[in-house]
Amino acid sequence: MIEIKGLHRNWKEFRLAGIDLKIRDGEYFVILGPTGAGKTLLLELVAGFYQPDGGEISIGGKNVIGLPPEKRNIGFVYQDYSLFPHMNAKKNIEFGMQMRGIKNRSKKAVEEIAGYLNIGHLLHRHPNTLSGGEQQRVALARVLVIDPDVLLLDEPLSALDPGTQDATRKILKSIHSDSNLTVIHVTHDQTEARILADRIAVMMDGRIVQVGTPDEVFDKPVNDEVAHFVGVENVLKGEVIESSNGVCVLDIGGKVLEAVSECAIGDTVYACLRPENVTLSKTGVNSSARNSFEGSLLEVERMGALVRAKVDMDGSFLLNAFVTNQSADELGLMCGEPVVVSFKASAVHVV
Amino acid sequence: MGILIKQKPAIIKRADPLMLLFYFLSLVLLLFVFVVIANMIIGQVLTDFAGLVDAASSKPVLKSIFLSLYAGFLATMISLLLGVPTAYILARKNFTGKRFVESMLDVPVVIPHTVAGIALLTVFGANGLLGAPLQPYIQFRDAMPGIVVAMLFVSAPYLTNSAREGFKSVDPKLENAARSLGAPLWKAFVFVTLPLASRHLLIGSIMCWARAISEFGAVVMIAYYPMIGPTLIYDRYLSQGLSASRPIAVLLILVTLTIFIAVRILSAGWRVYDRD
């Protein structure tokens, strides 16, 4: 277990004020917050790169304050991977074992981890010749091979292109389920948090404002600020019930939704939908949109040029939609009234 | 039906007038340096080759050139020992008075070298601040340690500055990554930071050594004897004139140029690890 108590630290423009967190063994814990919230600083304090001004951090019951990073047995992966540019992938992966004076089992361990992360063919290459996703896998191999007590990930997906993001997310998920490693993952991306996390801590302006399961954080945000931050994307959990010709049918809380995607029947998936791709109407419109649901308007919020409407589908799920000010006026949106939401199957991104 | 060959429009190739001016001015600078050096070397070889051979076989001349190279080498080694840690601190840490420290380290570059010589003499001379108490153990005045001290004073900033830029170019995150993988700071420094800054260190060392070898003003104030190359050239010029001093000057230039070119060629194969 990782326990953080009353941690605070001022550093340049960042300020951490009284952070309290308990992260259980084997938990995938995501710290979610906007840029500049101090998330990376918190992670670096846990790693021991900086010392806090006050407070406590313990890993596995052992107080680590004052302990240098090399004595904490943590694995840390930076956003830009921080591979050593003067060493090839193999040397990078061996570095940790070399520093610990473990040589006899290093060859086998490198082969094993390289096989697991599918980077065996890259071992002789230097980092600057690898793609972002490949560098990320080498960086993961480099920390996993030393068998750390906890894996600290600083925005591990945000420098990758969307396709590689999906693949890397799957890798992180399988690493966690295969090794039962405790993971602390810092991100500003809500989709990432919702899909990967066992529990989420929302961090804003240097403090933790909410801790809970993804459902708790996304469905019951503690205040407006959190609601605003986590509420803009639609990420719906569901099960694949049909799949043919690149179109799959998902069951989401009892409602049936179509998406253009290749999925396997029976899989638990997340359907991601951008609010600007959701159309709102009073009576339903005749269009090419394959998905159309009746719901009731829960909340209307003006956000400058756009209006955000939160619609409740009979308790099955909540959906955010953006409409322009003009169409909001024309529709005469009123809370509690029935509305129809529709969106194209191709607008749904399944992960 | 014939094949239509489209005539390419004539590309008007005319450099911008400003660039032409820049090309011209850079050529002037290049020729200025080249003519001065080449004239001396080629002139010597063509008009008085025998004098060059004489100089190359004269024991005092070879001794003085060797002394220049050797004392310069020692000064560079001491600069490395003292300058690398200094450079690392300056690259990594922020503290009050940092700008003062940086300016202080650069002072030897901007003061006239005879002034530096006088200042060194008042510290390392027989009655100097350090020279007096050290008198029973080490002689600076007219001795090898004096030459090294003078060279060190004027050349150390070149190494320190280059090393500092080198360390700055190494992302501290790489050191953090190394530490989290189990490396104590010294191992992170030796296995990650130093190799990545090695090019800067090498270039800094060459600059430092070159500056040390070319030093005359500061050295001559504290140690006229034993004579380093530049002192011997000056001495011969005063006592026997240009024709006696020029062969030694040419020899000194040829030896140093050969060494620098060799080092550059050897180091050209090094990879450059730029941050992206």
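## Domains of chain A

Two residues are taken to be in contact if their C-beta atoms, placed from the backbone, lie within 7 Å. By this criterion, five residues of domain 1 of chain A are in contact with four residues of domain 2 of chain A. On the domain 1 side of this contact, helix α6 (residues 190-196) of chain A gives the most, with four residues. The domain 1 side is made up, by class, of one nonpolar, two polar and two charged residues.

The structure described here is a predicted model. In the domain assignment of chain A, domain 1 covers 2-230 and domain 2 covers 234-350. The centres of domain 1 and domain 2 of chain A, taken over C-alpha atoms, are separated by 33 Å.

## Confidence of the prediction

For the complex, the predictor gives an ipTM of 0.81 and a pTM of 0.82. Chain B has a mean pLDDT of 90, with 92% of its residues at 70 or more. Where pLDDT is low, the predicted coordinates should not be read in detail.

## The antiparallel sheet of chain A

One open sheet of chain A consists of four strands in the order β2-β1-β4-β5, and its pairing is antiparallel. At its edges stand β2 (14-23) and β5 (62-63) of chain A, each of which pairs on one side only.

The pairing can be followed strand by strand. Strand β1 (residues 2-11) of chain A is joined to β2(A) by seven bridges, and A:Arg9 stands opposite A:Leu16 in β2(A). Five bridges join β1(A) to strand β4 (residues 54-59) of chain A, again in the antiparallel sense; here A:His8 stands opposite A:Gly54 in β4(A). Between β4(A) and β5(A) there are two bridges, and A:Ser58 stands opposite A:Asn63 in β5(A). The hairpin of β4(A) and β5(A) has two residues between the strands, and in it A:Gly60 takes a positive phi near 60°.

## The mixed sheet of chain A

Another open sheet of chain A has six strands in the order β6-β7-β8-β3-β9-β10, with mixed pairing. Strands β6 (74-77) and β10 (207-212) of chain A each have a single partner strand, so one side of each is left without a neighbour in the sheet. From one strand to the next, the twist averages 15°.

Within this order, strand β3 (residues 28-32) and strand β9 (residues 199-204) of chain A pair in the parallel sense over four bridges. A:Leu32 has A:Val202 of β9(A) as its bridge partner. Helix α4 (residues 132-144) of chain A lies across β6 and β7 (150-154) of chain A and runs at about 170° to β6(A).

Helix α5 (residues 162-179) of chain A has 18 residues, which at 1.5 Å a residue should span 26 Å; the end C-alpha atoms are 26 Å apart, so the two values agree. Just after α5(A), A:Asn180 takes a positive phi of about 55°.

Further along chain A, strand β12 (residues 247-252) and strand β13 (residues 255-260) pair in the antiparallel sense over six bridges. The bridge partner of A:Val249 in β13(A) is A:Glu258. Two residues lie between the strands of this hairpin, where A:Gly253 takes a positive phi near 55°.

## Backbone exceptions

Most residues other than glycine have a negative phi, and most peptide bonds are trans. A:Tyr81 is not a glycine, yet has a positive phi of about 75°. This residue, A:Tyr81, lies in the loop between β6 and α2 (89-99) of chain A.

In chain B, B:Tyr225 and B:Pro226 are joined by a cis peptide bond, with omega about -10°. B:Pro226 is found in the loop between α10 (217-222) and α11 (229-240) of chain B.

## Contact between the chains

The contact takes 16 residues from chain B and 19 residues from chain A. On the side of chain B that touches chain A, the elements giving two or more residues are α8 (172-180) and α9 (185-214) of chain B. The largest share of this side, six residues, comes from α8(B). By class, the chain B side has nine nonpolar, three polar and four charged residues.

Methods
Residues are numbered from 1 along each chain as its sequence is written. Chains are lettered from A and ligands numbered from 1 in the order in which they are written. This is a predicted model: local features need pLDDT of at least 70, side-chain atom pairs count only at pLDDT 80 or more; totals for chains, interfaces and linings use all residues. Two strands pair if DSSP finds at least two bridges between them. Axes are lines fitted to C-alpha atoms, for helices over the stretch in contact, and angles run from 0 to 180 degrees between N-to-C directions. Ala, Val, Leu, Ile, Met, Phe, Trp, Tyr, Cys and Pro count as nonpolar, Asp, Glu, Lys and Arg as charged, and the others, Gly among them, as polar. Domain bounds come from an automatic or database domain assignment. The expected span of a helix is 1.5 Å times one less than its number of residues. pLDDT is the predictor's confidence in each residue, from 0 to 100.
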